[in-house]
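Q: Please take a close look at a single chain of this model. I would like its surface, its fold in figures and one residue placed within it.

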Amino acid sequence: MDELILRALIASLLISLNASVAGTLTVFRRASFLVAGSAHSALAGVALALFLNSIGINAHYFLLALTAALFFALLSAKAARKGDVNVGIATAFSLSMALAAIFISLTRNSASNAWQFLFGDILLLTVDDFAIVTISTAFVLLAVSFFYHKFLFISFDPSGAEAMCLNVYLYDFMLIALISVSVVTALKAVGAILVFSIFIAPSSTARILGRSLSSVFVISFILALSSLYLGLLTSFFFSIPSGAVAAAIASLVYFAVSWKQ
Amino acid sequence: MKAIEFQDVSFSYNSEEVLSDLNLEIGRGEFVAILGPNGAGKSTMLKLTLGLLRPKKGTVKVLGFNAYEERDKFVDKVGYLPQREEIHLEAPLTISQVVKLPMLAKGKKVGEESVRKALKIVGLENISDKLFSELSGGQQQKVLLARALLSDPEILLLDEPFNGVDVLSQEKIVEVLAEMSSRGKTIVAVVHNINPLLHNIDRVVLLNRRVVAVGKPNEVFSEENIVKAYGTSIPIVVCEEGYTHPLYGDYHG
């Protein structure tokens, strides 16, 4: 099998794990828009990296995207403490997009590079990108498994958690930060615009269909993986971007299931 | 030593004073209801007791500890039932998982037997695998009460335990609280409607940013005190057992 295709198949599996874990926790946290906000904040970091590289300063897109997404997580957690996480997300979202637009406009030959991060292409992942996806996924899964009950408790009953002496602000920040890391992990493969569909649509569908915590995670994983594989398959036979097809499938499945409900 | 002490406590959110010069002592084993109109500072009193807010003036003590500065020393001895409206139902948790979650979040192990015992107290031990989100408001409140009882706390704090709760569930909750009270537990319940609890409580605190009246229900529910607390008159009836009941549980002014 072609090395690029094999890499794309394994990366799809890893991204589906991210989508299942981070997407489901985002749905439980009632902050689905967080994924879009995080992805677009990361895009500002990517745009800065593209700009710096264009003027001869070496900067890795992942580190700057991660820094931007974590800064966004901090702003969102602070906004959540004041009562409405969505206000923080929306404001950070527009700020990030403004910065991304400025950096991209300053970058020579920016269009094609920016395009990859906007819409992604899982078939164009380099060995470095693949290593980032693998290490990052392992980190997210390990961290979530360690703090799983704390994340569930603060999402289910923040007042009760605070009354039990849990540092709700800290764990909320950690949850948002891990979701952001997860989103950045999938950025180059799926793209800042389409990552929302891959992370939120399968988890939201699974939330409707699942009758237990574990079933929501499993259904979400299966839906994300099936969408990504069908995207790859379609792009193999037709000249259509795999990420776009995967996002369309995941979103349509969500609408079909929620319509039926 | 008192279970809970408020010594000259004032608290304000930004510039708006919510509680002013509050002095109150609740003895161990007492069953106290806190009543007052919206914005009277009832829930703020509970949050001060839990050490979640720092008083602007004065001191709150729980089991002899400063509630804000030493909350880790008494938190395991306090059971808390939050307002049900603050619970988010997105995660499909079973009843059993809801009861266990606080302990698991604190890294403690929870035995199935202790969960079963807590659920048995509220009469829900046979449906522990059912989804919490699919229960009625009354059943959800009973599950949250079982959760608060899991660690066998010395003090039980309840924030609006009867909101959206059917009469049968109200009766069960009152029965459980009366049983806890008879076993020497200190119970403080913030309520809009005091009538379900009225026959079981030792004292009632009528609150409107400051203590308007405190004492046995028959002493507190006078025309004068009710007008002071609610700003309007509320009909009062005396039941067959001789308890004075304000006819409306709440007055949303």
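A: **Chain B in figures**

Chain B has an accessible surface of about 10800 Å² (Shrake-Rupley, 1.4 Å probe), and carbon and sulfur atoms hold 46% of that area. The model is predicted, with local features needing pLDDT of at least 70 and side-chain atom pairs pLDDT 80 or more, while totals for chains, interfaces and linings use all residues. Residues are numbered from 1 along each chain as written, chains are lettered from A and ligands numbered from 1 in the order written, and side-chain values use heavy atoms, without hydrogens or water.

Along the principal axes, the C-alpha atoms of chain B fill a box of roughly 50 × 45 × 35 Å.

Of the 253 residues in chain B, 55% are buried (under 20% relative accessible area). Among the contacts in chain B (heavy atoms within 4.5 Å) with a separation of 6 or more, 63% join residues 24 or more positions apart. Chain B carries 30 positive side chains (Lys, Arg) and 34 negative ones (Asp, Glu), and the centres of these two sets lie 6 Å apart.

One residue of chain B is B:Glu224, which sits in helix H7 (residues 223–230). B:Glu224 counts as exposed (over 50%) because its relative accessibility is 55%.

Note on methods
Helices (H or I, at least four residues) and strands (E, at least two) are DSSP runs, numbered from the N terminus. Buried means under 20% relative accessible area, exposed over 50%, partly exposed in between (1.4 Å probe, protein chains only). The place of a charge is taken as NZ of Lys, CZ of Arg, CG of Asp or CD of Glu.
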